[in-house]
Amino acid sequence: LARNVLKDLIDDAKLNVTIDTIQRVVSEFYNLPAELLRAKTRKQEIVQARQAAMYLSKELTGSSLKTIGAAFGGRDHSTVIHACQCVVQQLVDDPQYREQLGRLRRKIETASY
């Protein structure tokens, strides 16, 4: 609410979002160790958290797909593209997930000041 009221005064360039910050906040949000976001595991709850973190990394940082993939356990850029497509589809299909990702984004933005 405060961010909306003060949006004209807040300089988004000061927002210092990093992939590390995103990984930390996402792992706390999903109650997982941050190392699992970089691990090779394919457990559904970890995959969902990893995909959300990759999507938010793409949206909130100026990092390339290759850099994002490298930060998530050396994954290929095509894996990042797939993760983003999965998240976008889920955002379209599931209003509850959309609200959850919005809360997560706000937590990341708050943690980045």
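## A tour of bridges, rings and a pocket

A search of the whole structure finds two salt bridges. Here a salt bridge is a side-chain nitrogen of Lys or Arg within 4 Å of a carboxyl oxygen of Asp or Glu. The model is predicted: local features need pLDDT of at least 70, side-chain atom pairs count only at pLDDT 80 or more, and totals for chains, interfaces and linings use all residues. Residues are numbered from 1 along each chain as its sequence is written, and side-chain values use heavy atoms, with hydrogens and water left out.

**Stop 1: helix H2**

Select residues 19–29, helix H2. Helices are DSSP runs (H or I, at least four residues), numbered from the N terminus. Show arginine 24 and glutamate 28: they form a salt bridge, with the closest N and O atoms 3.8 Å apart. The two are four residues apart in H2, so about one helical turn separates them. Now colour by relative accessible area (buried under 20%, exposed over 50%, partly exposed in between; 1.4 Å probe, protein chains only). Glutamate 28 is exposed at 54%. Arginine 24 is partly exposed at 39%.

**Stop 2: the aromatic pair**

Move to phenylalanine 29 and tyrosine 30. The structure holds one aromatic pair. The ring centres of phenylalanine 29 and tyrosine 30 are 5.4 Å apart and the planes stand at 75°, so the pair is edge-to-face. The cut-offs: rings of Phe, Tyr and Trp (its six-membered ring) pair if their centres lie within 6.5 Å; planes under 30 degrees apart count as stacked, over 60 as edge-to-face, the rest as tilted. Tyrosine 30 is buried, at 18% relative accessibility.

**Stop 3: the largest pocket**

Next, select Lys40, Thr41, Arg42, Val47, Arg50, Gln51, Met54, Arg75, Thr79, His82 and Ala83, which line the largest pocket. A pocket is an open set of points on a 1 Å grid over the protein atoms alone, where a 1.4 Å probe fits, with protein on both sides within 12 Å along at least five of seven lines; lining residues have an atom within 4 Å of a point. Its volume is about 190 Å³, taken as the space filled by probe spheres set on the points, which are joined across faces, edges and corners.

Which helices each supply at least two residues of the lining? Helix H4 (44–60) and helix H6 (77–93) do. H4 gives the most, with four residues. By class, the lining has three nonpolar, four polar and four charged residues. Ala, Val, Leu, Ile, Met, Phe, Trp, Tyr, Cys and Pro count as nonpolar, Asp, Glu, Lys and Arg as charged, and the others, Gly among them, as polar.

**Stop 4: helix H7**

Finish at residues 95–111, helix H7. Glutamate 99 and arginine 103 meet in a salt bridge, 2.6 Å from N to O. Being four residues apart in H7, they are separated by about one helical turn. Glutamate 99 is partly exposed at 40%. Arginine 103 is partly exposed at 35%.
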